[in-house]
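Colleague: Please take a close look at one part of this model, the nonpolar core, and then go on to whatever else can be said about its surroundings and the rest of the fold.

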Amino acid sequence: MSKIVVQICCSVDSHYFLECLRKDYPDSEVIGFFYNPNIHPYSEYLLRYKDVEFSCNKLNIKLIDGIYDINKWYEITKGYENEPEKGDRCTICFDDRLYITASKAKELGADKFTTSLLMSPLKSQEKLRILGNKLAIDNNLEFIFKDYRSGSGGINQSSTVKSNRLYRQNYCGCMYALNAQRLVQNRLSDELMSPISKQILPNSIEYRLEIFQKRDELYLQQKEFFITKVEFLNYRILTGITLTNKKVLPSYFLAFSYLKTKNVKGKIEFIKDGIGYLNKNGVILVTTDKFNSLAKTTYTSTKELMFNAPSFIKEMELRYIITNEQNSTSPIIIIDEIYLEQDIEISLESIYYNDTKDKIEIIS
Ligand code: SF4
């Protein structure tokens with residue numbers, strides 16, 4: 001039986017592409033091959049892989065995971081970091097993915113290969129066609145070049161993505177293109193940030209992994225649900241350091257802590273029930289013991305908290321309990337001990353920004 005190995009970049013590009021291939025090649029076995037060491041960070045790779053797995057399961061198509069050899073990818077794209085999308089770095093990136101796909105096709109005894117990159121409006125179909133045909137000759141295979149995106153293809157692809165509730169990513173894959181895109185958008189590349197606290201930050205890739213894991217579960221349980229968008233105010237801390245008498249203290253900054261001046265020096269002026277108040281910028285210092293009693297946790301030190309923080313929602317609840325304010329942005333810092341007149345020096349850089357996240361709503 002004829003076999004077609006399809007390099008899959010993401011479900012947005014592959015789901016409709018695979019449906020069309022199936023129709024055009026009814027007598028061939030279609031095999032998905034997820035080989036994309038260009039997707040950064042690894043959590044995003046995992047998210048896209050899981051989404052493709054969901055899509056292939058729905059289509060009853062076998063899926064093979066390629067090797068995530070990120071070091072090799074960095075090596076082959078060295079010197080091309082600042083290339084624009086569709087430039088020479090992308091050509092190298094396609095070359096690698098198609099070269100490995102052709103090798104995989106040979107290994108699996110397939111006679112044809114192709115790529116879902118042909119569906120992406122951001123990719124040059126001509127470059128893919130030339131490269132695919134060259135690899136086909138070198139490997140004695142047939143490269144399937146199909147333009148399923150022309151005519152009503154783009155609209156069909158879009159409605160397929162929506163009706164199947166697939167993950168629509170908003171950048172191509174590599175961190176070079178992501179950083180360039182975010183620079184133009186005047187936005188933070190928050191996809192590349194992951195806190196040491198292991199906390200799942202709002203709209204982070206880890207958050208999206210949870211959402212799409214939930215989608216998979218609901219689908220299996222045959223529940224009715226939809227995925228909608230929510231506009232909200234997001235937050236990230238970039239740096240947070242606390243010193244006393246020029247010595248750095250282990251410290252943990254509660255979510256939504258913000259300091260307009262970025263740096264402040266002051267003294268603890270008041271202490272009430274384990275909570276200290278600095279004489280500057282509304283800074284609040286909370287002992288680890290007080291934090292434990294408010295959060296019902298058992299941290300033995302602030303250091304432990306720094307590496308294993310409670311959930312973001314829990315932190316927001318604590319912020320409200322501590323300040324008794326709905327929209328407080330005062331820096332709230334957890335340290336092991338506080339005392340009156342203690343010298344405190346803080347450097348804090350954090351940002352707020354409008355963001356849009358996916359949310360699952362269960363109908364029944
Ligand atoms: S922009 Fe996309 S195609 Fe180009 S190098 Fe980055 S991941 Fe590869």
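**The largest nonpolar core**

Modeller: This is a predicted model. The largest nonpolar core has 49 residues, and those touching the most other members are V6, I8, L18, L21, F34 and F113. Elements that each supply at least two residues of this core are β1 (2–7), α1 (11–24), β2 (28–34), α2 (42–59), β3 (62–65), α4 and α5 (125–139). Take L21: leaving out residues up to four places away in sequence, L21 touches I4, V6, T114, I144 and Y148.

Helix α4, one of the contributors to the core, spans residues 88–107 and contains R89. R89 is buried but forms no salt bridge. The nearest side chain of opposite charge belongs to E85, 6.3 Å away, and a salt bridge is counted only within 4 Å. A polar atom of the R89 side chain does lie 2.9 Å from the backbone oxygen of E83. Beyond its neighbours within four places in sequence, R89 is in contact with W73, T77, Y80, E81, N82, E83, C174, Y176 and A177.

Elsewhere in the model there is an open sheet of eight strands with mixed pairing, in the order β7-β6-β13-β9-β10-β11-β12-β8. Its edge strands, β7 (247–249) and β8 (252–253), each pair on one side only. Within the sheet, β9 (residues 263–272) and β13 (residues 343–362) run antiparallel and are joined by five bridges. K265 has E345 in β13 as its bridge partner.

Note on methods:
Residues numbered from 1 in each chain as written. Predicted model: local features only at pLDDT ≥ 70, side-chain atom pairs only at ≥ 80, totals over all residues. Heavy atoms only, no water. Helix = DSSP H or I, 4+ residues; strand = E, 2+ residues; numbered from the N terminus. Buried < 20%, exposed > 50% of the residue type's maximum accessible area, 1.4 Å probe, protein only. Lys, Arg positive; Asp, Glu negative; His and termini not counted. Polar contact = N/O pair within 3.5 Å; in protein donor to acceptor, adjacent residues only side chain to side chain. Contact = heavy atoms within 4.5 Å. Core = buried A, V, L, I, M, F, W, Y, C linked by side-chain atoms within 4.5 Å. Pairing = 2+ DSSP bridges.
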